[in-house]
Each structure stands twice: as structure tokens, then as C-alpha cells.
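This briefing goes through a few places in one structure, topic by topic. Keep the sequence and the 3D view open while reading.

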Amino acid sequence: MPTSTPQTERAATRPATENLLEVSGLEKHFPITRGAFIRRTVGAVRAVDGLDFTVRTGETLGVVGESGCGKSTTGRLVTRLLEPTGGKITFEGRDITHMSVRQMRELRRDVQMIFQDPYSSLNPRHTVGTIVGAPLRIQNIPTPKGQKRAVQDLLELVGLNPEHYNRYPHEFSGGQRQRIGIARALALRPKLIVCDEPVSALDVSIQAQVVNLLDDLQRELNLTYMFIAHDLSVVKHISDRVAVMYLGKMVELAPRDALYATPMHPYTLALLSAVPVPDPSRRDKAQRERVLLTGDVPSPIDPPSGCRFRTRCWKAQDKCAQEVPPFVELAPGHRVACHFPVTDAERTPQGRMAAQHAAAEVPPDTAAEPAL
Amino acid sequence: MTLGPVTSSTDVATPAGEETPTIADGKKIEGRSLGRIAWMRLKRDKLAMAGGGFIIFLILVAILAPLINKVLGHPVNEYHQDKIDPNLGGIPPVGTWGGISKDFLLGVQPVTGRDLFSQIIYGAQTSLLIALLATLLAVVIGIVVGVTAGYYGGWVDSLFSRFMDLILAFPLILFAIALISVLPPTKGFRIAVMVLIIGGFSWPYIGRIVRGQALSLREREFVEAARSVGAGSFRIIFRELLPNLAAPILVYSTLIIPSNILFEAALSFLGVGVPPPTPSWGRLLSDAVDYYEYDPMYMLIPGLAIFVTVLAFNLFGDGLRDALDPKSNR
Amino acid sequence: GGGGSSSNSSNNNTGSSSGFNAGTKGIVNPSTKKGGTLRIGYSSDVDSFDPTRIYYASGENFMALYNRTLLAPAQKPGKDGLVLQPDLAESLPQISADKLTYTFKLRKGLKFEDGSPITSKDVKYAVERSFAQDVLSGGPTYIVDQLDQGQNYPGPYKDTDPNKMGLKSVQTPDDSTIVFHLAQPYADFPYLLPMLAGAVPAAKDTGEKYTDHVVSDGPYKFESFDPGKKVVLVRNPNWDPATDPIRKALPDRIEMTLQMNPDELDKQLLDGTLDIDFGQTGVQQAAQAKILLDPKLKANADEPNTGFIRYVTISSKVAPFDNIHCRKAVQYAADKVALQTARGGADAGGDIATNMLPPNIAGYDPNLDPFNTKSGKPQIDKAKQELAACGKPNGFETKIAVRNKGKEPKTAEALQQALAAVGIKATIDQSDASLYFRSTIGSPDNVHAKGYGLMFAGWGADFPTAGGFLQVLVDGRKIQPSGNNNYGELNDPEINSLIDKANSEPDPKKSAAIWSQINAKVMDTATQLPFVYDKALNYRNPRLTNVFVWSYYGEWDFSALGLSDGK
Amino acid sequence: MATDLLASGQPASGGSRPSAPRSFLDVRDLRIHFNTDDGVVKAVDGLSFQLDRGKTLGIVGESGSGKSVTSLGILGLHRHSKARVSGEVWLDGEDLIAASDERVRALRGQRIAMIFQDPLTAMHPYFTVGAQIIEAYRVHNNVSKKVARQRAIDMLGRVGIPQPARRVDDYPHQFSGGMRQRAMIAMALVNNPELLIADEPTTALDVTVQAQILDLIRDLQEEFHSAVIMITHDLGVVAELADDILVMYGGKAVEYGTAETIFRRPEHPYAWGLLGSMPRVDRDVRDRLIPVKGTPPSLINLPSGCAFHPRCPYVGYNGIPCRTEIPTLAEGSDHGVACHIPPAERQRIFSEDIAPAL
Amino acid sequence: MINYILRRVVTSVVLMIIISVVTFGVFFMVPKLAGTNPAELYVGKSATPADVAATARKLGLDQPVYVQYGRFVKGIVAGRDFNSGPSKTHCPAPCFGYSFRNDRPVFPLLLDRLPVTISLAIGASIIWLIGGVLAGVISALRRGSILDRSMMILALAGVSLPIYFTGLLAQLIFVHNLHWLPGGEYVNFRDNPIGWASKLLLGWITLALLYAATYARLTRATMLETVSEDYIRTARAKGLRERVVIGKHAMRSVLTPIVTIFGLDIGQLLGGAILTESVFGLPGIGRLSIDAVNTKDLPVVLGVTLFGALFIVVANFVVDLLYAVIDPRVRLA
Ligand SMILES: Nc1ncnc2c1ncn2[C@@H]1O[C@H](COP(=O)(O)OP(=O)(O)OP(=O)(O)O)[C@@H](O)[C@H]1O
Ligand SMILES: Nc1ncnc2c1ncn2[C@@H]1O[C@H](COP(=O)(O)OP(=O)(O)OP(=O)(O)O)[C@@H](O)[C@H]1O
Ligand SMILES: [Mg+2]
Ligand SMILES: [Mg+2]
């Protein structure tokens, strides 16, 4: 098994100051239309509603949050597969917010994406060679040793047998397919790769193979990742910094260790405490200390006013309903959008107990309305 | 593209593919495409293979009609008035099974005494020509509209879907006969019009399927993946979507051929088909209405020709669907 | 229009007869027994019951039941049925010496069904209605041709005359006198009158809707009229038999069912549920076989000549038929037996025709057969000789025009087949039936453009004189840009002048002789290829009395029928 | 073994396997094979385990290892399919495999209930949530609709659905994912079943909701004192709930023991692989994960000998017959391991090589 | 729900308008393009060009198509007057036009024929619904058995049968050879229920055969799909009897597509079962349309086409509503 310096050290030794990607005020609203002949807009899904963050060269930014909070949408906006409704995206100092399809072709070489579902992200009618070679063909990348050779190099790079050039995706297992997807993303030698839940669909044992592969590739090819996942453990493992999203907004963004050790947003706290611990001896303790949120995430069509988390937050006060909390840096590199950040006391077991009690008492009519 | 010397990059001691992919029987199969798998499945379906065999036979008959006819039949429009009884309104003598004999394998047509065998095999030409051309037309329109609607979605989809609803809401046969009957009935023109109308009315079936499939394929991540490496719409439609649509298109084309054959025959039956003397099964059948009490063979033979042909296509199409769609219920 | 009487054998047999074809020879079951309901069936819908709009033979035959005209054909079997008799008129008209003025006196005591008297104004009004072609389309327009004389009379509905009596060529000096002024002598003028409405009360005229309630002056009036389904006629109490020498009026009631399934109609005829078919165009194939195979049924069937001739016009203007030898080649090559079979065979189709005048027309000559086609067999050698003479020894290509209806396409195929035997490659061009005679072959421009060398046609006289039959078909001066009847554009000065001579010949016998001559001359041009004198196999219910074929229409006379069982 | 633990809450020392069923649920040598076009799928192949009232058994394993098939087999839901089922499933002294269809049906939903993975597809879209619960209640209880309805409302309230009297008439699609899963649970528990099988009840849910559901299941289990089989591939979830854990691989159990044992002293290389593959929030970040190489086996053509051998780093270790002999799970002990490596050696490898890297 | 209905109504009306525009355009433009003047169809053979022009004027055929169309639509909505010579004829709403062949408004003509078509459609549909669905369910439940296989081959044969062939064959055998059934004209149910039924019986059966085959196949396919759904497994897991699982839970889902195509099929049929009616000689809408086509009675053709389209659109609409009743997901969308 290859050994290397621990990831934490690695992040520290690299100059991680330069911002590869800068995002400010990013918004995406999907209009909801009705009618067959005359289509009218009756509302909008505010999937992403004002995000500010940066991704530094060579780092991995983890993005976590509950289903539907806008993680994938953010990823697609960054790769410009979606046109932002508002805000600004800067890549390597260039404003790419509203680049045309033509201008984007160039950018595609630098920003690539790895998809969640290894079954649907590969065209079943194409051979592995075609799939991995497609970026090269589309972008007219010169391949001195021939395209086939280039593709086989890529396959080898991601740990696949280069002989499999002519096989079809259905002949591969999930983990292998995900490797094919990674090879495709690497074909253009991108600088930034947005990984949208690349391991969620895989079994634990296979998941680890892929995570390790991503790790190795980052090191070898000096890649920058934006790593989207809902599994907090995986994100913790792979990220340098982690952003937590809730209902289209970023609620907390901090260096990994800071976030996991001292979460400042009540939602982050609840999220972390909800993760089941694979340690039966800590079972009772974990359960006692868990901050159980009631109810579900509200609908992004009609999000709550002010702080979006307030309907499920045990610390919510009037202010939370009236004012949108600013996304401010409360500790070095640690930004939080909360009027009443979690105090140190609340992170103690007793504090959590108190929080849990409080959380349970959030009035059901505001908390438990179903998401539409 | 060179990425420099490849070092570790994997935890797996042996390349992952070494022990896989294995399929059912554990043998390694190089690049086994879905088409090959389907073909193996199809081969096991005896009824479908029988249908397919008959279709090939029929197509050969249609193509080789002149040759076959030379050996087994009489010139297609040659009169044999000695074979009919002029006193009975020109039907073959009662009790001769419609005039079936060594010389006239399927008997003769009333009034003219034409050889029914040659009428039937040339009728196959007409039937297949129109049905296949119409199907081709339907498939082309269906694909274009279906893919466009499915791929672009939104208002384009609404518009095209409504359009398909619209066509399906037409009282089909009525509209067809009304339209055809106001147009000049010359042969070439009539065939063109029939192809246009049959194809023009059957494409929504393909269109809907293609649209539905395109709509769901569009959501598949490989489309997004293609876009993320810079592929344009054109490329996505032709290189990514269409290959995946091939199977349903193939299946539903095979399945609309029989309905197009029936449609053609129905139009001919209603007197708006290809003009005589071009042989046509539907017209033979409608002609037979006048005589069927006294010359039932004249009705049975073209009727069976239509039935068997349509059945063959249906059997084959059904089998094909089962073979191409493993989830289908057989 | 249709006309023609059977002339198979004993022409003037007016006595009773029975058995197959008895109705064509004489009267079947002569009787004067009154009462009962006559049940008529029809496989389609009647275009109109408005006498102004009726054109077809059955309609004119039927309208005699409720529409009386100044003159009407006698209701007698054989040749007698071709003679016109005074009906509303008291007597045959007085014709002025210049043959331009026809004066009719009306009978006394004539009444409409509502009891109001019939005056000459009503008769004139009825004539005027024929001019309103925009409202009352469909009827014959000979009368318009004769009487308009440049006035452009728009018909009574647009007539500015307060009494709607604006047509100048017809005068009504008093209520019982009506005078027609012609511009040129026209010997057949009286024959135009039975085609029209006899008398229509202007006050009751609802124009297009008149068909819903025609005001009767005959023995029957409409009791109910269920469009497309059923029509019931009952006795008209205001009809005075004393004023009507023509009609017998035996049944009490006449019921007609419309839009029946043709096979069903036949079935009901054969099982006695129905008495007679309105159309009388022959039973369907299935019933035909049944009748012909069963002597009992056959005894109740007649197959009269319908007065129709089926022929092919060979264009004199379309190459290579501008050469008479090429036309003659077709005459010899044609297989008239095959054509006859295609029309239904000798029984249901008709007799082979050898010239252009049918048997029911005066001037008919069974021996006129210049191309020796009586046997119907093609004469290949002669055809080839003619082809050689035409300079096309190996044949040529041409086009056949035919309607896409009924038996027509099959006849075209039969011709195509026969011509192929001598190397003439003909392609069949089927056209829509409804416009065939108007614009397909009825428009010489279209004929030239499409190159129709051979055109299938059928023709029945609108009135049974040789002039009425033949003139429009062969008169070179009657070639019209559309609706033309001289499809082959035969324009022979000799024929034209003979026609003029015949038209101004008041003596029907002499006139017929001239027409005979014309017929022969026409045949010599080889522009017409007649092949069948139509017959129709029809079945009559044995309970019918007074059944005979009315030569004037080539159909059984509806007005004469009675019912033996009185039911 | 989780037998007779009701009072002490301590793991009992297991005796040898009794010939007559001693536990509430006793599954013996369960085999479920499917005939398919490609061959026989041995989805479950000789599985045995026991479970007592009030206890929770966690079954973990890779996708396709036969977890769901096992659970459906216990419910007798393979009876109408083409599956071949053999072995014994003793529930409270009654063999369900041998029992009549009607008998099994009567037990189903009454004494054994099941919670499925995807509550959206597992509930009939055309019937209201209430109607589906009422139906489940009335098949086994001869009560009026009204009574049943009240029961349904009670149950919905019990599982934490607010305003149950109103929501009872809603359709499944009107519920959110978490609420749907609660409704599923309410439906499963409406007859107070003695055995509850939950097949990945939280896989489709977010962590926060998952925590709610897991709490709920635990609370209800305490209340009803039922036996629970919790199927999942998330080791965290089993660690939270299970008393005993069964690790499945390729249709067989490869390791079986108390939760404590499996997490602290696992002895099967596959279990090591699972633990090594798993990143954890509760620990400091490791540099690398230690995955299991290769891919899961095909159930139609299982590798010979130990099904895990192609992926096992210790294959052929000291000449053990991995490729030829199928290792058996030591029966009757409270920690069964199906591995050819001698137990002492296994424990040594774990403590020396594996544990430090975790 | 109200909103949903309203939306569907609007959609249907728009659909109808488009269909009418297209149909109208086609029937009045195509003859023009083909070089014929529709007015010529109405005048006698010997009419002069002036007569043709006068007729065209009278029918309004000299007007631009959109004016003609406007009048046509006005006729449907508010009725319409026609010049009938001395007076105007009023054709009351809904006036689908006016047949100049037999001087009748088209609508009553259609209404006249409707009972026949309805009798045919209803009778046949009862047979095929019961037969087809039953066969499909049995086949699905006995999947793979001899019964299933033979039933499905039969069904495939059924959909391959041209009705104009089966119809003739049936008549030949049962009417002409065996004399089990009378031929004869259609009679009203009210006049003679037995005659009515015996006349329609063959038509019902042949028509039903065709559809039953389709329905059996559809039912079987959806049934098989449904029984593999998770919620069916849930129903079994609840301990429901197989009868309830299939009869209630599975059937409920199976009925949805059946209702859909049933609605559409009935709509199509009510618009005129042209082939069946012409084979069996039933004087329904289909026969009317064929006759109208043969006589070039364009207003009737147009009327029947629109009427047929109306049925289909209405059927579509009803199906959508039914869908909402059956499927709560639609209802509450
Ligand atoms: N194309 C679209 N049209 C309309 N709404 C959309 C679209 N794509 C996403 N949404 C909505 O936007 C919101 C955010 O979706 P997104 O896919 O970004 O969530 P996510 O965080 O990735 O969730 P998951 O973890 O389930 O993947 C959701 O409510 C989703 O329904
Ligand atoms: N009806 C069936 N016919 C054929 N094979 C089946 C059938 N049901 C299940 N299988 C096969 O049995 C094996 C075990 O399936 P099972 O559903 O039990 O896996 P699982 O462990 O529950 O996986 P997951 O974690 O994905 O739910 C799989 O390979 C599956 O393909
Ligand atoms: Mg996502
Ligand atoms: Mg499972």
C-alpha cells in the first residue's frame, strides 16, 4: 500500500492562498411554469439563493447539506452547465458568469465534473474508449501517440485495464464505472473538478477505493476539487475546508477541523450530532447528546423569511424571522450565517441535551409542515 | 495526451478489470454489445423467429414477384375469361373453389379471370412498399419531433406534444379517405399521398415513444457529462441520445408496420387505395364483398394474406421488444 | 337523363306476358285493382324531390306520381311509351308556321293538392325556376338554352318583376294559355317539357327547401318526408282522374325507404318485403347469381335496356389518334366481350354495341357495324394492318381516362389488356367520378394536356330522340371549354350540316333517317368505340300488377303499378 | 448470542445449537435460489441465525449480498415467485417454510411486519395513508372501520406525525420522505408485531431524518418489546441499534456476533475491509482508507471455496484452502466466523495489523 | 381541482379550434390546389361557368378561406342563414354546415346516425372490456403457463385481424351459411330490442375481438408490471389475501391505463366506426361519412370529421378528469 504524508500536512505545505474560483451572490431560480399552450410562470424554486465562497488552488472544498438544499445546483452553476440567475462566478480571475456556449468550450478544459450515478453517467451505447475519448475529440486535443493510446493511458491512470478500451459500460461494476467517469473528467487535464456525490451510490468497500483514487489523483495532477456529498464522514475525510448548505444558502464555511470540532451554526451542530457513530460502545452517549431536529426542510419555492433555518432552530428568536443573517467570519477562515451562533457551552454534552430539549419543543405547526 | 509516468494511483493490487467483467457463465466476453445480447435472446423466441422468417420470405416474394410469377403464375393482368362463368356475373364456376387448379394456384378473380396468385404476390409488393415507406416517413418525422421535444423540453415540448395530441385526435380513417378522395387518383401520386397520410398519421406513435425516452435520457447524467466536456446540442442528440433510442425506435417501427399494412388495406378496401390495375390486397377484399357468398375463396385468400402478414410483423415486433427490453414481460 | 325502350323482339306487344324479361315485352299481370301499399326501396338518398332539380331517370319516372307536366310520355309498354301526350295541356301545342311559337291551353279543373286552381302563371313560374341554377342546381338546363335568348334571366328569386313573371320568351296571355317563343326552330322542344316541374305555386315555393314539401298536382301527395330515411306518398284528394288520361293511380299509399344497404335491399326484394327498387340499376352481384341460378326467381326478373350506351371516345386531336388508322387499330383490337364481362356480362351488363344509337331511339340500326364487332372478338390482324397504315407497326403508347367508380376501372383494364395484344401500351388514368365529365374529359384543354387518347364514357338520352341522344356527342360546334360532351372533339363539317338538317326536319320519321345517316358517318370516323348497350337485371315482386318497362325511361313505370293482394 | 438477555442485558454464553428451536426466531440453513435465464442465482445459501424478543439483529453486507432476499424469505413473500426456498424458519415454535400459505399469510403483518426501504414506492399511490393502515389493521382484527380508523390515527400520532387526524386522509405523495417512512412504520406496527424487519429503513433519508427514524424504531421496540431485524449497509446504523450483527457476503453469513464483538474484535477479513473502508466523523482523519480490493461476486457463479477469496488479502495464508473449501461459520458460539485462518491467528492479525490502521 | 378542470377545458377548446382550422383548411384548400373548384361539385354536369360562379357565390366559396371559416365557426356557435331562393334558411346552432346535396343541416344528420354508432360502440365496448381485461388478468396471473401463452398468441392474432375480413367472414358463416343471425336493416332498440341486438351482435363481437385483444395485451403487461411494484409487496407483507392484493391493489393501478385507452377508443369509435359500419351495413356516423365522401358532400365530410374530433377531444377530456379521480397525484397537482 502506498504511503504518503498525511493529508493535513499536505494541505499545509501547498500554497493554498491563490483563489482558483470565486463565487459571490450566486443565485439560481428555476421558474415553475403552468399551462400547455400559454405558459406562465407561477413561481420559482429558489434552488440556490446567494452563495459566497472561494475555492483555492489545490484544495478540496467539501459541500454538505440535506437533500434538495442546492448542492448539485451549485456544482452545475460552477461548471456552467446551468446559467446563473444572479451573482458572479470568477474562474482564474475571469468572469465566467454569463459566458456563451462558444466561450465556454475553452473553459470546459479547465473545469470538469464527476457525476453521482455511475449507471446513468455513462452512455450505455458507447464503448469505454468512446466515452473517455469524447472530450479529446470534442475539444480537438492533439494526441501525439494517437487517441487510443491517450485513452488507454487515462484508463491506466484510474486503475482500469487499458485492454478494456472496447468494452461497454454494462460490463463493468459500479466502482469501475465510476473510474471511467473519472478518466473522462481527467482527459482534458482540468484544474478544477466538481465531484457531485461521486461515491454515494457505491458500497462502502468500493467507496473507499474511489476516495483513495481521488486523493491520489489530486496529488499527482495537482487538482482542485469541489467535493459535494451528503455523507459527513466522507467529506471530513477528503476535504480541506467544508461548506454547509441549508435550503439554497451557505450557513457555515470553515476549515475542516474547525468545522467538525467547533461547529458554530446550530444546523451544523444538529447535522453532526445526527451522524450515526459506528461504535456500539458510544451508542448511548451519542444518542443522549444528539440534537434531534423536528420536521422537514421547508420548500425552496417559498422559503422562510430571515434565517431559513429558524423554523427548525431551537435558538430562533424574532430577529431570525426578520433579518437575513449575514455570512460573516467569526473565527479565522470560519464563516457563519447566524444571528446566535452556537456557544462553546452548547457543545458540551449537557449543552447538547438542553439543545435537544429545546429543539423538540419547536412548535409543530411551524416545524412540521411537510415540504411540498 | 500524456500524463507522465503512471505510478500508483490505485490501491488495487491487480487492475480491477482483471477478474471482471465476468458474466453469467464466467467466461470473458470482449465488448459484448447490447445488440448482440438482444439477438441471442431473440433467437430463442421461436414465434418471433417464425414471424421474422415469414417477413423475409414475403419481402423476397415482393422483390422477386416477376420471377416467381413467371414460374407459378400468369401475367398479372392477363384475362382468362374461360375460367369464369359469364352468366353468373363473372364468378368462377360454382364448386370449383374459386377456380383453384394446378394452373391457377389460388384460383381466379371474378369478372376478369385474372390469376389470383399473381394478384396476391404483386399485392404484396404494393402493401409492403406503401407500409414500409410510410413507416420510414413516420420514423423520420417521429424521431425528429420526438427528439426535439424530448431534448429541448419546455415550451418546445409542450408545443410538439400538443401537436401530437392534435394528430391523434383526428378521426383518422375518415380524414384520410376524405382527403385522399379529393385528390387526383393517379397511381404514383396516390401512392405518394397514401404514404404521406399513413406516415403522417402514424408518426406520433413513434414521436411519443421517442419523446418519452429522450425526456428521460436527457435527465441521465451522461448527457450532462457530454455537455460538461463541451459537446453541443447537435452532437448530444446524434451521438448521445440517438444510439440509445435505436432500440425503441426499431421496436416501434416494427410494430407500426403491421398497423400501416392494415391501414393501407383499409384505405384500399374503402376504395381510396392504389388505383387499379395495380394489385392490392385491400382492393381485392373489397372487390370480394360483391361475390363472397358465391365465391368465398376470393375473399379468404386476400384476407388471409393480410392477416398472416400482419401477424408475422406483430410476432416479430413483439419478440424484438422482449429481446431488446429485458424488463418487458414475457 | 335516361331514355330508351326495350326493343328486343315484338315491339308493340301491349298484351299480358310473364316470365323472365316479360316486363320488357309487355305488361305483367295487367289489372285495375286498387288499394294497397307500394313499397319501394332505394340504396342511396334521392338527390331531391323538387321536380326542377330532378335529372335522373328514376327521379323523373317517380315524379310522374306527383308532378304533371304540359306534355308527358304515354304510360305504355314498348314504342308507344315514347310518344308524348298532353297532360296539363288540353292538347298537343299549336306550333306556329315559323316553328318558333308553341301555344298550350291548360285543361279545365286542374288543382293543386290544396285545392287551389292551376293557372298558366304557375306553369310559367315552374319554367322560370329552372333558370335559378344557383339555388336549384342539378336539373336539366336545355330549357334555359332554348328560352333565355340573351336575356340572362336570373330565375324568379332575383326577378325584379313584382309578379316574378320576368321571363320574356314565355307569355301567359290568360290563366289557361301559355306561349313559348323560340329563337330558332327546334323540333325536339316538346321533349324538354316532361323533364321540368309542371306547375309550381309561387306562394308555396320555398326554393331550396321545396323538396321538403313539393306541392302535388298528381294523384299522390307527400304525407311525410323523413330525409334520407323514408318518404310516404298518399292519395291526393284534389286530383281529379277525369283531368288525367295518363295515370292509373292504383295503390292507396306509396312508401319508399331510403339509404338501404344494397344487399339488404336485394334480399328484401327477393323475399317479398319490398316491391321494387327505386334505382332499377340492377341487383347486386350476390343477388344476381341467386336470381340467375334459380328459375323461379328468374321468372320475376327483367333485364331491360336502360337506354344507356357505354363507349370509348377516341380523341381526334391527341396523337397518334389524329391519324384515323390508329383509331381504327383500336376499333379492331378492342375485346368487346371482355368489356361486356367487365360491365357484368350479357345478362347484367348488356348487349354488345356496334354503333352509337341505342335500340330505344328512332334511327337505331342493328346492322350498322362498320368494324365487324358483333361477335365481340378482337381482330388482331386487322388491327395490326391499321397500325402499319398508321405508321406505328409496333404499337404506341397512350392514356386511357376513366372514372374511379364502380365497374368503370375494370372496363378500362379490359381495354388496356386487349390493346396490349397488338402492342398498344395504354396506361390507365383514373379520375374522380364527380368531376369526370365536367372537367376531366369534359375540358378539351385538360384532355390535350393529359394526353388522353381514349376516354371511357356512358351516355343516355335525356329525351328519347336521336337528336337528343347524339347531337351533343358529335356536333363539332358544341365543343365547350368545360362540361363538353364531344370528348373526342369530332368536328366534321359534313356531320354538322346533317345535324342542322335533321333539327329543322319536323317529321320525326324523316329526321330519324337523317340521324341514321349521321350515326353511320360518325362510326366511319372511328372516333367512337361503342361496346355495350346497358341492361339492368331487376327483380319485381310477383304481387305487382301492371308491370312494364316504360321505354321513355328504360324502367318499370312506377305510376302504372298496382298490387294484386291489395295490401 | 442474543438469547435470554432480557434481564441482564449482558451477552449470554451460548450453548451448542439446540435441535428444537429455542429462540423466538430461529432461521436454519435458509436457502433461496432463483432460476434465471443466465443460471441459478443463489441469493441466500445456507443462512442460519437466531433472535429473541426485544432484541435487534443487524444484517450488513454489500449490495446484492442477499439481505433483502432473506427478509422476504422470512415473510414468505417468495412463495408466489419462481424462487426455490429451503431450510427452516421457526417463529415462536412454528416452521414458516413448512406452514401453509394461508397460515403464513395470517402471520404476515400480524406477528411479523416489515418496513421497506423506499416508502414512496412501497405505499400504494392511489390509496390514502389512512386507508392503507386501516386495511393492514382490519385484515387481522375483526373491527369496524371506525375503530380501525381511530387506531390508524393513534398510530400516526405515535410515530410522530403531527395532526394525525388530518393527515390520515392524505395520500403518500403528500407526505415528505421522513413522514412517509413514519407512516410505513405506523402501518407495520399497527398490529403490534412481535418481529419487525426493517430493510434499509433510512437509506433514502437525510441524516437528520435518519436520526429521527432510528430513535423512533428504538423507542417503539422498547415499547412493544418486539424483535427487530435491521438490514442496512451502513455500519453506523447497526452500531446504533443492533445487539447482534450478521455480516453477509455472497449470500452467506461470514461473521456473526454481538455488536461489541463485530466492532471491537472482528475476525473476518471482509469485516476488516468494511471497517477499513469507512471514514469516520468520530475519529481524526486518517491519511488513507483501506478498501477491499476488487468487486462483489456474481451470485450465479460464486468463486469456488471461500466466496471472498478473490478479494481477500490473506488468501492462501499459510496454505489454507481458500480456493477449494468453503469455510463454515462455527455454529453455536456467540461469535461465528467463516474463515479458514485459525482463530488465534485471526485475532493476532487484527490486533497487530488491522486495528492500528483504523 | 376546479382549476385543473378549467385548464383542461381551455386546452380542449383550443385543440378543437386548431382541429377545425386544419380540417377546414384542408378540405377547402386541397381541392383548390388539386385544381378543382368545390362549386363544380354542386352544379350539374351541364352548368355553365356562370352557373358555377353563381353557385360559388351562393356557397360563399368565392370568399377568402378565413371568411368562410369565420362563417363556419359562427354557424357552430350561433347558427347561420343560408340563401335558399325566395327566403333564407336558418340552420340553428350548432350548425356544422349545410349539406347542399340533400339540403339539410349537417348536425341533425349526424344526430340521426348517432344512435346506431352509439349502439355499436357501447355494445362492443362492454364485451371487449370484460373479455379483454379478464383475459389479461388471468394471463398475467398464470404467467408463462400454456394458458397464458396460447391466450397471448390468440391476442396477437386478434390484433392482426383486419376487421373488414373478420366481419365478412363472420357474416358469411353466421348469416349466410348457418343462418343463425338475421341479416337485415338496422332497427331501433325502441322498436325491436331483439332485432336490434341480433343485427348488432356480429358487429359487436368482431369489433370487440379486435379491441379485446389489445386490451388483453395491455392488461397483462400492466398487471405484470404492477405486481412487481413495491407496494404490491407491501400489500402482501400486510397479510392481505391474494384476492385482495390482486383485485384491489393491483387492479387499481391496472385500470388507469385501461381507462385511458378506453376513453380514447370510445372517442374514436363514436366518431364513426367506418370499417365496421360499412362491413355490417350499419347506418351510423361512419357510413354517413363514407357516403358523404363518395358524393363529395364536403359540408357533411367536414361536419363528420369535426364531430369525430370532438368526440375524441371530449373523450380525452373525460379521461383526464377520470385520471384525476383515479390518481390522487394528478388531482392534487
Ligand atoms: N432543473 C430544475 N428545475 C426545477 N427545479 C430544480 C431543478 N434542478 C433542481 N431543482 C430544485 O432545486 C433544489 C435544489 O436541487 P439540487 O439538485 O441542487 O439539490 P441537492 O442538494 O443536490 O440534493 P440531492 O442531495 O438530493 O442531490 C431542489 O428543490 C430541486 O427540486
Ligand atoms: N426475484 C429474483 N430473481 C432473480 N434474482 C433475484 C431476485 N431477487 C433478488 N435476486 C438476486 O439476489 C441477489 C440478492 O439480492 P438482495 O436484494 O437480497 O440484495 P441486498 O443485499 O438486499 O442488496 P441491496 O443492498 O442492494 O438492497 C441479487 O444478486 C439479486 O440480483
Ligand atoms: Mg444532488
Ligand atoms: Mg436490499
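The model is a predicted one. Around ligand 1 there are 13 residues, and the nearest of them are A:S67, A:G68, A:K71, A:S72 and A:T73.

**Ligand 1 and chain A**

- The side chain of A:S67 has an N or O atom 2.6 Å from an oxygen atom of ligand 1.
- At A:G68 the backbone is involved: one of its N or O atoms is 2.8 Å from an oxygen atom of ligand 1.
- For A:T73, an N or O atom of the side chain is 2.4 Å from an oxygen atom of ligand 1.
- On its own, ligand 1 has 640 Å² of accessible area, and the protein covers 63% of this.
- Two elements of chain A, β2 (40-56) and α2 (71-78), each give two or more residues to the shell around ligand 1.
- Of the elements, α2(A) gives the most to this shell, with three residues.
- By residue type, the shell around ligand 1 has five nonpolar, five polar and three charged residues.

**Ligand 2 and chain D**

- Ligand 2 is surrounded by 15 residues, with D:S63, D:G64, D:K67, D:S68 and D:V69 the closest.
- A polar backbone atom of D:G64 is 2.8 Å from an oxygen atom of ligand 2.
- D:S68 uses its side chain, where a polar atom lies 2.5 Å from an oxygen atom of ligand 2.
- D:V69 has a backbone N or O atom 2.8 Å from an oxygen atom of ligand 2.
- Ligand 2 exposes 630 Å² when taken alone, and the protein buries 64% of that area.
- Three elements of chain D give two or more residues to the shell around ligand 2: β1 (25-36), β2 (39-51) and α1 (67-75).
- The largest share of this shell comes from α1(D), which gives three residues.
- The shell around ligand 2 is made up of five nonpolar, seven polar and three charged residues.

**Helix α4 of chain A**

- Is helix α4 of chain A, residues 128-138, mostly covered or mostly open? Of its 11 residues, 10 are buried, which makes the helix mostly covered.
- Among the buried residues of α4(A) are A:V128, A:I131, A:V132, A:L136 and A:I138. A:G129, A:G133 and A:P135 are also buried.
- Which elements do the buried residues of α4(A) pack against? In chain A they pack against α3 (101-108), α5 (147-157) and α6 (174-186), and in chain B against α9 (233-269).
- Just after α4(A) comes A:N140, which has a positive phi of about 55°.

**A domain record and one residue of chain D**

- An unreviewed UniProt entry lists residues 27-275 of chain D as "domain: ABC transporter".
- This span is 41% helix and 27% strand, and the C-alpha atoms at its ends are 27 Å apart.
- D:T261 is part of helix α10 (residues 259-264) of chain D.
- Is D:T261 buried or exposed? Its relative accessible area is 7%, so D:T261 is buried, the cut-off for buried being under 20%.
- Leaving out residues up to four places away in sequence, D:T261 touches D:P266 and D:H335.

How values were computed
Residues numbered from 1 in each chain as written. Chains lettered and ligands numbered in written order. Predicted model: local features only at pLDDT ≥ 70, side-chain atom pairs only at ≥ 80, totals over all residues. Heavy atoms only, no water. UniProt positions renumbered as here; feature names shortened; annotations may be inferred. Helix = DSSP H or I, 4+ residues; strand = E, 2+ residues; numbered from the N terminus. Near = heavy atom within 4 Å. Polar contact = N/O pair within 3.5 Å; in protein donor to acceptor, adjacent residues only side chain to side chain. Areas by Shrake-Rupley, 256 points an atom, 1.4 Å probe, with all protein chains shown as cover. Nonpolar A, V, L, I, M, F, W, Y, C, P; charged D, E, K, R; others polar. Buried < 20%, exposed > 50% of the residue type's maximum accessible area, 1.4 Å probe, protein only. Contact = heavy atoms within 4.5 Å.
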